[in-house]
Amino acid sequence: MLIPLTPEILLRAYAAGIFPMAETADDPELFWVDPKRRGIIPLDGFHVPRRLRRVVRQNLFTIRCDTAFEAVMRGCAESSDKRPNTWINDEILELYAGLFEGGAAHSVECWHEGELVGGLYGVSLGAAFFGESMFSRVTDASKVALVHLVARLRFGGYRLLDTQFLTPHLVQFGAIEISRSRYHRLLAEALRYRAGFPRDLPGGDAGAAGAAGAGGGSDPLAGLQARRLTS
């Protein structure tokens, strides 16, 4: 890219339906991506598998939002047996940290015994949330983070959850693949509205795990069952 990227340019790119990636974490070059087929999770069609419902209700993790954004990004950038290469390089880290400082990016974090064990992060613009990446150091941590993310997006008035690509992992949650043209229509509609990212969910008992951290709150499953999106 000849023009240095800034968080402001990055937000304009998201509004146009494109996003940057690197070939690998060690590659300093970035390129724009505009997939012909786009992955999304319809917020009113989000599915929580039965086993995961039990895990969420066990309150195994302290859920926090926006308390360790850079640490979540670095967790997502780690290589693993299942993901030997990642696309999050130093420039990506710097750019999205800038978005976070400006309130345009958020993290959902799973903590256990004082350690960050999983989470996810993404970009917020209008009433669209662009999920970037997730990671787990403990079984189910990223899945629990996703449940908490969707509960917050629905409560906050979001209308679009972009996953960039469709993966078998996301299909179990109701993710679908749509055409580029349909995605751009949904994006344009979502950008007409202004949602707010809630660090906490309203009401209920946070439980022993949730009570300790910022961004805890009520059972996210109750919120998913109680609320329906309206046009």
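**Notes on salt bridges and a helix contact**

1. Glutamate 177 has a relative accessible area of 36%, so this residue is partly exposed. The model is a predicted one. Arginine 37, at 43% relative accessibility, also counts as partly exposed.

2. Between the side chains of glutamate 177 and arginine 37 there is a salt bridge, with an N to O distance of 3.6 Å. Glutamate 177 belongs to strand E9 (residues 176–179) and arginine 37 to strand E3, so the bridge ties together parts that are 140 residues apart in sequence.

3. Aspartate 34 and arginine 180 form a salt bridge through their side chains (3.6 Å, N to O). Because aspartate 34 sits in the loop between strand E2 (31–33) and strand E3 (37–40) and arginine 180 in helix H7 (residues 180–190), this pair ties together parts 146 residues apart in sequence. Aspartate 34 is partly exposed at 29% relative accessibility, and arginine 180 is partly exposed at 32%.

4. In the salt bridge of aspartate 162 with arginine 38, the closest N and O atoms are 2.9 Å apart. The two lie 124 residues apart, aspartate 162 in strand E8 (residues 160–164) and arginine 38 in strand E3. Both aspartate 162 and arginine 38 are buried.

5. The structure has eight salt bridges.

6. Helix H2 (residues 50–57) packs on helix H5 (residues 141–156) at about 85 degrees, the axes being 10 Å apart. H2 is therefore roughly perpendicular to H5. Arg51, Leu52, Val55 and Val56 of H2 meet Lys143, Val144 and Val147 of H5. The contact residues comprise five nonpolar, two charged and no polar.

Methods: Residues are numbered from 1 along each chain as its sequence is written. This is a predicted model: local features need pLDDT of at least 70, side-chain atom pairs count only at pLDDT 80 or more; totals for chains, interfaces and linings use all residues. Side-chain values use heavy atoms; hydrogens and water are left out. Axes are lines fitted to C-alpha atoms, for helices over the stretch in contact, and angles run from 0 to 180 degrees between N-to-C directions. Helices (H or I, at least four residues) and strands (E, at least two) are DSSP runs, numbered from the N terminus. Angles under 35 degrees count as roughly parallel, over 145 as roughly antiparallel, 65 to 115 as roughly perpendicular and the rest as oblique. Contact means heavy atoms within 4.5 Å. Ala, Val, Leu, Ile, Met, Phe, Trp, Tyr, Cys and Pro count as nonpolar, Asp, Glu, Lys and Arg as charged, and the others, Gly among them, as polar. A salt bridge is a side-chain nitrogen of Lys or Arg within 4 Å of a carboxyl oxygen of Asp or Glu. Buried means under 20% relative accessible area, exposed over 50%, partly exposed in between (1.4 Å probe, protein chains only).
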